[in-house]
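Please read the numbered points alongside the sequence and the model.

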Amino acid sequence: METKPADPEKGGGAGKTEEKELGTCQAICFAIMDFLAMIFRGIVACFRAIFHCIRARWYHVKEVFYDLWDAWDACLHPYVTKRPVFGVDRFLVYDSVKSQSVREGKAKKERF
């Protein structure tokens, strides 16, 4: 598309454009490229959907793998596993408002 200058003596006006006709070969090539673009966009959309599903499910697979790994490690090395120690007091939490009454022995201690 070529724009003519807006020269009133030459018959040109503002905003008028001259359109060229497409040749037969060029029209066929454009149609083939449009068709191929549609096919490739569909393929890309399918692959994106597949990878989205893989990413969404991978977390659960990974967690199962880690659970199996921890169980296997605990089976091979039982002395490394974390077990509660008996005879040791647990962590006690004091509320800052009740701390005076706790020190005096009037309030109850909360255990976690």
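**Note on the predicted model**

1. Along the sequence, the elements of the protein follow the pattern β-β-α-β-α-β. In total, the secondary structure comprises two helices and four strands; helices (H or I, at least four residues) and strands (E, at least two) are DSSP runs, numbered from the N terminus.

2. This is a predicted model, in which local features need pLDDT of at least 70 and side-chain atom pairs count only at pLDDT 80 or more, while totals for chains, interfaces and linings use all residues. Residues are numbered from 1 along each chain as its sequence is written, and side-chain values use heavy atoms, with hydrogens and water left out.

3. On confidence, pLDDT is the predictor's confidence in each residue, from 0 to 100. The protein has a mean pLDDT of 77, with 56% of its residues reaching 70 or more. Among its elements, helix α1 has the highest mean pLDDT (92), whereas strand β4 (residues 110–111) has the lowest (55).

4. Accessible areas come from the Shrake-Rupley method with a 1.4 Å probe; for residues, only the protein chains shown count as cover.

5. A nonpolar patch lies on the surface, with about 1,200 Å² of accessible area together; its members include Ile-28, Phe-35, Met-38, Phe-47, Phe-51 and Ile-54. Patches are made of residues with over 30% relative accessible area and no salt bridge, like charges being joined within 9 Å and nonpolar side chains (Val, Leu, Ile, Met, Phe, Trp, Tyr) within 5 Å. A salt bridge is a side-chain nitrogen of Lys or Arg within 4 Å of a carboxyl oxygen of Asp or Glu.

6. How many aromatic pairs are there? Rings of Phe, Tyr and Trp (its six-membered ring) pair if their centres lie within 6.5 Å; planes under 30 degrees apart count as stacked, over 60 as edge-to-face and the rest as tilted. By this rule there are three aromatic pairs. One of them, Phe-47 with Phe-51, is stacked, at 6.4 Å centre to centre and 25° between the planes. Both residues lie in helix α1 (residues 24–76), four residues apart, about one turn of the helix. Phe-47 is partly exposed at 46% relative accessible area, and Phe-51 is also partly exposed, at 47%.

7. The ring centres of Phe-65 and Trp-69 are 6.2 Å apart and their planes stand at 40°, so this pair is tilted. Helix α1 holds both residues, four residues apart, about one turn of the helix. Phe-65 is partly exposed, with a relative accessible area of 47%, whereas Trp-69 is exposed at 53%. Together with Tyr-66, Phe-65 and Trp-69 form one aromatic cluster.

8. Cys-25 is exposed, with a relative accessible area of 57%; Cys-46 counts as partly exposed at 48%.

How values were computed. Buried < 20%, exposed > 50% of the residue type's maximum accessible area, 1.4 Å probe, protein only.
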